[in-house]
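Work through these exercises with the model in view. Try each task before you read its solution.

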Amino acid sequence: MTDYEVRIGDEPVSAADGWQLEWVDRPSGVARLVNGGRSLHILVEGSGPDWVVTLRGRRIPVSVRSWRERVMAEAETAAHTHVGPVEVKATLPGLVVAVGVAVGDQVEEGAALLTIEAMKMQNEVRAPRAGRVVEVAVGAGQTVATGAALLRLE
Amino acid sequence: MSRSPSLRTDSSAPPFRRLLVANRGEIALRVIRACRELGISPIAVHSDADANALHVRAADRSERIGPAPAGESYLSIGAILEAARSSGAEAIHPGYGFLSENAAFARAVEEAGLVFVGPPPSVLEALGNKLEARRSAAAVGVPIVPGTTVALEDDVSAVEEIGYPVMLKAAAGGGGRGMRRVDEAGQLSEAMAAARREAAAAFGDGTIYVERMVAPARHVEVQLLGDRHGGLAILGERECSIQRRHQKLVEESPSPAVDDHIREALFDSARRVAATVDFHNAATVEFLLDTYANHFFLEMNTRLQVEHGVSELVTGIDLVAWQIRVAAGERLPLDVLQAPRRGHAIEVRLYAEDPYDGFRPTAGRVGVWRMPDGPGTRVDAGIEADTDLPPEYDPLLTKLLVHAADRPAAVDRLRRALDETLIGGVQTDAGFLRWLVDDDAFAAGDYDTSLVAERWRTGPALTAEERSLAGLAALEARRAAVASTTAPATAPIGSAWGERARREALRG
């Protein structure tokens, strides 16, 4: 039943011969991997095609896609190569300590846009691609949650 | 207020009736537990971000001290004193960090007629200035790292005399802030400016000094406990060389690098440094140890350390309880002053940090939270399952400690404990720690402060087996998710609810 394509990063994953998964507590994702004489506790979190498996303390993102999801994702990637607006979002919650760009600025890919302080560390938010800043949604001194819109590039 | 010293041997007379714990997270819980055991009613404090935190629910009551930013809550001397007054606390324990080494706070506590669980304010002042501490240590014949004992100004001839590489350090320093390694003259002026800026921002004092870079080096510290009557217990040393950003990740006692000869020299230096100040409380004297077994004094901290539990495990002495009893005027008894040390203890700190990305903090929400248990295993946690991590504070989630008869057994126990640990929702340094217990240098006890930078770097690539196992788990999880949405509306077999329903049916 090879109904899904399993990938880690850009590489497909080969089968884990002899290993089986046993659920310890399925709603929370706690499970065991067992192989005859060996076993280890792991955690499996996620839904749909996106999963994170915690193995010996390391969180490993795994994509599990059906044929249909693969076709749709490929279509979306093709669409993304056309230049459209991009919303830059906060990847962690924190305090905006500095905004280095203003509406109308042209930025290169990787350029520092603003600085968010979280857990006593300053984190630069960088431009995902080159473009022009069309909207700045936050100011210095503002607290932002994960996923909050910070600014838009066009 | 003065208290008559007592030699309390039973628990009929608690040292205080109520004690305010001016901290949060795991250390607040640790102090609350000590209060419970001493018959003291613990009072917590909380910012708005912590209104529902574990330490708040563990205390008898909790006082709100301000909004989430630490500067307006856990660092607010006025708010904390007001909380102590309105709750009727007789003493304040500052934990570590925040106000624990703030002389103005200690003085304000005393002026309010309360007992500060810590040294006199004058001691905090003297030791808070690292330059002054260097001068006093040198004056009593304790070796210090070669460098300046006065502030480094624009005249940098001192740096040329010491020779590169050097370390720039903040006079008001601590926690690795304001520290800069400089490898050549060309980097000096920029590094000095950066160190001064960072020191000024962190401590309100931009004074810096310079030390010779001791490398390779191990970071070893001696645990002390002093009473108000001149009693001083030396409770062994701790090895703290595994660090990132000059902050500790792993501590163990005894140090694998310290033999009886080195230990005697370290204890003698620690005793001399301690004698330069009239202190009581738990304290730590920190040293660098070079490859020729020379030790150099770094600093003395007269507060509880994050890693105090390591010394508690090898000595059997409850450092937090004794901090409180000593603050109330009790004398240290002989069994504390001459406590033997037994076995080997290791602590690892679990931080919400990504070790595969330079130990970058990973804020978010912790979901699953399964902690290890069993013989010789201690968990000092500050959170529980399903907890949002406030971005305002230190990303320490829990400390995991193990104790065993010797070092190899302790390492085996740590590996077993880490394998029982599961934390969901955020990447932690557990991946690094699990790698560490299998690392040859760590297993041999042959490591120094460069281990993280030189042996771990950003961690090993995933092995083929790890990739296959993760892939299998994710595939099975997706299949199970699909099956459960198409299955009839009964709980899936193997789930907690299904298990419970089955047990209840059997009980009938």
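A residue is buried if 20 or more other C-beta atoms lie within 10 Å of its own, exposed if 12 or fewer, and partly exposed in between, with C-beta atoms placed from the backbone. This is a predicted model, in which local features need pLDDT of at least 70, side-chain atom pairs count only at pLDDT 80 or more, and totals for chains, interfaces and linings use all residues. Residues are numbered from 1 along each chain as its sequence is written, while chains are lettered from A and ligands numbered from 1 in the order in which they are written.

**Exercise 1. Two residues of chain B**

Task: Decide whether B:Thr315 is buried or exposed. Then find what B:Thr315 touches.

Solution. Start with the place: B:Thr315 lies in helix H10 (residues 308-315) of chain B. Helices (H or I, at least four residues) and strands (E, at least two) are DSSP runs, numbered from the N terminus. Next, count: 21 other C-beta atoms lie within 10 Å, so B:Thr315 is buried. Then list the contacts (C-beta atoms, placed from the backbone, within 7 Å). Not counting residues up to four places away in sequence, B:Thr315 touches B:Leu235, B:Gly236, B:Ala339 and B:Arg341.

Task: Is it buried or exposed?

Solution. B:Ser62 sits in strand S3 of chain B. It has 23 other C-beta atoms within 10 Å, so B:Ser62 is buried. Leave aside neighbours within four places in sequence: B:Ser62 is then in contact with B:Ala44, B:Val45, B:His46 and B:Val56.

**Exercise 2. A sheet and its helices**

Task: Give the strand order of the five-stranded open sheet in chain B.

Solution. Read across the sheet: the order is S3-S2-S1-S4-S5, with parallel pairing. Two strands pair if DSSP finds at least two bridges between them. Now look at the edges: strand S3 (61-66) and strand S5 (115-116) of chain B each pair on one side only. Strand S4 (residues 91-93) of chain B and S5(B) pair in the parallel sense over two bridges. B:Ala91 has B:Val115 of S5(B) as its bridge partner.

Axes are lines fitted to C-alpha atoms, for helices over the stretch in contact, and angles run from 0 to 180 degrees between N-to-C directions. Helix H3 (residues 77-87) of chain B lies across S1, S2, S3 and S4 of chain B, at about 150° to S3(B).

**Exercise 3. A helix pair**

Task: How do the axes of helices H4 and H5 of chain B cross?

Solution. Helix H4 (residues 103-111) and helix H5 (residues 121-128) of chain B have axes that come within 8 Å and cross at roughly 175°. That makes H4(B) roughly antiparallel to H5(B). The cut-offs: under 35 degrees is roughly parallel, over 145 roughly antiparallel, 65 to 115 roughly perpendicular, and the rest oblique. H4(B) brings B:Ala103, B:Ala106, B:Arg107 and B:Glu110 to the contact, and H5(B) brings B:Pro121, B:Leu124, B:Glu125 and B:Gly128.

**Exercise 4. An enclosed helix**

Task: How many residues of helix H11 of chain B are buried?

Solution. Helix H11 (residues 319-327) of chain B has eight of its nine residues buried, so it is largely enclosed by the rest of the structure. Among them are B:Leu319, B:Trp322 and B:Ile324. Just after H11(B), B:Gly329 takes a positive phi of about 105°.

**Exercise 5. Where the chains meet**

Task: How many residues does each chain give to the contact?

Solution. Chain A gives 45 residues and chain B gives 40. On the side of chain A, the elements that give two or more residues include strand S1 (4-8), strand S5 (38-47) and strand S7 (58-66) of chain A. S5(A) gives the most, with eight residues.

**Exercise 6. Confidence**

Task: Where in chain B is the pLDDT below 50?

Solution. pLDDT is the predictor's confidence in each residue, from 0 to 100. The mean for chain B is 92, and 93% of its residues reach 70 or more. Over residues 1-7 of chain B, pLDDT is below 50. It also stays under 50 over residues 489-495 of chain B. Where pLDDT is low, the predicted coordinates should not be read in detail. For the complex, the predictor gives an ipTM of 0.89 and a pTM of 0.86.
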